[in-house]
2 protein chains.
Amino acid sequence: MPQKVTDRRIQRTRQLLQDSLVALILEKGYESITVQDIIDRANVGRSTFYAHFQDKEDLFLSGFENLQSQFEQHLLGQSPSEINPWTLSLVMFQHAQEYQRVYKALVGERGGHTMLSHLQRYMSAHIGEHLKSHLPVRRKEQIPLEILTLYIYSTLTSLLTWWLDHDMPYPAEQINDMFRQLTQPTVESILQQA
Amino acid sequence: MPQKVTDRRIQRTRQLLQDSLVALILEKGYESITVQDIIDRANVGRSTFYAHFQDKEDLFLSGFENLQSQFEQHLLGQSPSEINPWTLSLVMFQHAQEYQRVYKALVGERGGHTMLSHLQRYMSAHIGEHLKSHLPVRRKEQIPLEILTLYIYSTLTSLLTWWLDHDMPYPAEQINDMFRQLTQPTVESILQQA
DNA sequence: GAGAAATCGAACATAGTGTTCAGAAACGTA
DNA sequence: TACGTTTCTGAACACTATGTTCGATTTCTC
């Protein structure tokens, strides 16, 4: 049973802190930021910071979780006819295009590597799901599913961070097409091994 | 003009510190290690540590550089008939197999991500070199060379760290074969676009 | 054993973390 | 407007880790 306005106040403080962190990451990189930097930028008292978040990493992750649930909303709104790794990736690149700043801070090179393991769990689940459903019943187990999933995931994230760190020199559709050209032939050839 | 024996003493201390760091990384991960942990383990005085290395990261990198120059020795010793990304990768997997502990500590998941950018510069140079020499004079610039290089590099490193973190469930030749199966079709199809 | 080089470790200054708490400010209600 | 509640403030504090300094000590060389 949420209170009406005090909640809004809390929300505003959290947002302020998250925004400050994003700005600071883009300026000087995650590692070198101190809690003092963050609260100075946000004009928030020290104890307030610790009332909301355990530490810097907690703040970072809360922003990341925001982004993730927002992405899920976005995904539902788009609802591509079929969900496979390449429609999923397209939605992701488009979403990143729309929220450049936040993406670049949280997922890009300067953002530390904190979020990689979280993103990995999330995306790998989707990718693995798709692969499993397309798997021939009996295939030569030359390349295990786990590795194939890892392969797709690592290609996707390396493209994403490259794209963000180079300030998106291509539109989302084009970088996604590169992703498809890079991975689809391999995936199909492997899935079709009977 | 290096001195004879005192040099050996210095070398011993450096080695001790590097070994301690490796052991500690495998135990508790790079991030949570303090300088105190390292010198306690190595039985080395605090000021001695700082006489040899600037900080924890410097020590880490010195170990990484050791490994790298050792790898180059190894590469010369093997001298595959042709150096392409897949012979290079084989030598690398074999080298990693031989020096499991160090590789796992410095390149694996627990090793922080410090070395990724260094490894990237090194491997990408080799990979890009090979690709450039096999490039058709005029090709459709759908996928720039930089991205193709990144693709190969990221697949290689994600396989390598996965392999290390899972305690090498396959021999080097087999994991390298997976690497080839994953990347070769894509690379060839793209290089042959006239 | 004398001299040089390397190591030791205690002491220190500095910087960042996370907690506490009394007072101030903002808000909701009536 | 006045009241109580919630949230925010910021100074003070204890704590942990960093990196430096320097005189004492060990180790090696000849």
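At what angle do helix α8 (residues 145-165) of chain B and helix α9 (residues 172-191) of chain B pack? Keep in mind as you look that this is a predicted model. The angle is about 165 degrees, and the axes of the two helices lie 11 Å apart. Angles over 145 degrees count as roughly antiparallel, and α8(B) and α9(B) are therefore roughly antiparallel to each other. If you follow how α8(B) passes α9(B), you will find a right-handed crossing.

Now zoom in on the side of each helix that faces its partner. From α8(B), the residues that meet α9(B) include B:Leu148, B:Tyr151, B:Ile152, B:Trp162 and B:Trp163. Among the residues they meet in α9(B) are B:Ala172, B:Phe179, B:Leu182, B:Thr183 and B:Leu191. Sorted by class, this contact has 14 nonpolar residues, three polar ones and no charged ones.

Next, step back to see how the two chains come together. Here 23 residues of chain B are in contact with 23 residues of chain A. Between them the chains bury about 2,200 Å², with 65% of that area on carbon and sulfur atoms. Three residues, B:Ile147, B:Gln181 and B:Leu182, supply 25% of the area that chain B buries against chain A, more than any other three residues. As for salt bridges between chain B and chain A, the count is zero.

Finally, visit A:Arg101, which sits in helix α6 (residues 100-107) of chain A. Leaving aside residues up to four places away in sequence, A:Arg101 touches A:Val22, A:Ala23 and A:Leu26. The C-alpha atoms of A:Arg101 and A:Asp19 are separated by 10.0 Å, although these residues are 82 residues apart along the chain.

Terms used: Residues numbered from 1 in each chain as written. Chains lettered and ligands numbered in written order. Predicted model: local features only at pLDDT ≥ 70, side-chain atom pairs only at ≥ 80, totals over all residues. Heavy atoms only, no water. Axes fitted to C-alpha atoms, helices over the stretch in contact; angles between N-to-C directions. Helix = DSSP H or I, 4+ residues; strand = E, 2+ residues; numbered from the N terminus. Parallel < 35°, antiparallel > 145°, perpendicular 65-115°, else oblique. Left-handed = near helix turned anticlockwise from the far one by under 90°. Contact = heavy atoms within 4.5 Å. Nonpolar A, V, L, I, M, F, W, Y, C, P; charged D, E, K, R; others polar. Buried area = accessible area lost by both parts, 1.4 Å probe. Salt bridge = Lys/Arg side-chain N within 4 Å of Asp/Glu carboxyl O.
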